[in-house]
Amino acid sequence: ERVEGQVFLLPDRKRLLVAHLSPLRDLQQKIAVALVASGLLLVIGTSLVGGITLMRYRRRLAEISTTVGRILEGDLTQRLPEQSDLDLRQLSTDFNTALDAMHGAMDAVRHVTSSIAHDMRQPISAIRYQLVEIMEDAGTSPTARDALAAALALTDETLKSFAALLRLARLESDSYKVALDPVNMAELIREAIDTYQPVAAAAGRVLRGQSAAVVVRGDRSLLFQVLQNLL
């Protein structure tokens with residue numbers, strides 16, 4: 001054992017030790033226990049703070065991911081929420097600024113497309129009126145009538161395309177409601193193929209297509225525009 005005390009020299013040259021057990025051992029044990037407890041508390045506290053911080057970042061990243069998913073689905077009005085963290089705040093600000101610029105550019109493109117479609121309808125309608133007058137003229141030969149009928153059909157399809165572009169522009173601006181009517185896709189595909197068959201033949205190609213008897217609900221003109229874009 002470790003002891004603390006004092007040695008006294010006796011007359012007969014003997015020594016007397018007056019002592020008691022030293023408290024240093026207990027103190028060392030207490031210090032060791034305190035150090036271990038402090039270390040455990042530090043580890044637990046650090047883990048808790050790190051876990052809470054990680055959960056907050058995960059929650060914020062989940063919000064950002066959800067917003068980005070909506071944007072990828074086509075909703076360009078969505079914006080990233082404002083963040084309290086400096087780095088995430090700068091990221092959100094830059095991302096929202098880019099989205100604002102993109103949204104403005106797409107609005108401008110839609111406006112130009114709508115304006116072109118609107119302006120082109122009038123001269124094409126005038127051409128159609130003249131074609132009809134020539135067809136109804138008694139002096140027009142049967143061969144010329146057939147050619148005029150084909151040109152008239154193409155003119156009608158062009159007018160339908162411009163009308164579809166105008167509806168699409170209004171649809172994207174939320175000012176137009178799509179008419180959900182039953183549409184026979186097989187018939188619509190045949191019409192699209194018949195329309196573009198002369199173009200394919202002029203290019204030395206053969207245009208073929210087949211479809212099951214499928215009926216969907218939608219806007220017939222916009223669906224036909226989809227087929228035109230694909231062809």
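Me: What does the accessible surface of the protein chain come to?
Reply: In this predicted model, the accessible surface of the protein chain is about 17,000 Å². Carbon and sulfur atoms account for 61% of that area.

Me: And how many of the residues are buried, as a percentage?
Reply: The protein chain has 231 residues, and 20% of them are buried.

Me: Changing topic: which helices and strands are there, and in what pattern?
Reply: The chain contains 5 helices and 4 strands. Along the sequence they follow the pattern β-β-α-α-α-β-α-β-α.

Me: Which residues make up the largest nonpolar core?
Reply: That core has 6 residues: V183, M185, L188, A192, F224 and L227. Both α4 (185-202) and α5 (220-230) supply at least two residues of the core, and α4 gives the largest share, with 3 residues.

Me: What does L227 touch there?
Reply: Leaving aside residues up to four places away in sequence, L227 touches L188, I189 and A192.

Me: At what angle do α4 and α5 pack?
Reply: The angle is about 50°, and the axes of the two helices are 10 Å apart.

Me: Last one: what share of the contacts with a separation of 6 or more links residues 24 or more positions apart?
Reply: Such pairs account for 54% of those contacts in the protein chain.

How values were computed:
Residues numbered from 1 in each chain as written. Predicted model: local features only at pLDDT ≥ 70, side-chain atom pairs only at ≥ 80, totals over all residues. Heavy atoms only, no water. Core = buried A, V, L, I, M, F, W, Y, C linked by side-chain atoms within 4.5 Å. Buried < 20%, exposed > 50% of the residue type's maximum accessible area, 1.4 Å probe, protein only. Contact = heavy atoms within 4.5 Å. Areas by Shrake-Rupley, 256 points an atom, 1.4 Å probe, with all protein chains shown as cover. Axes fitted to C-alpha atoms, helices over the stretch in contact; angles between N-to-C directions.
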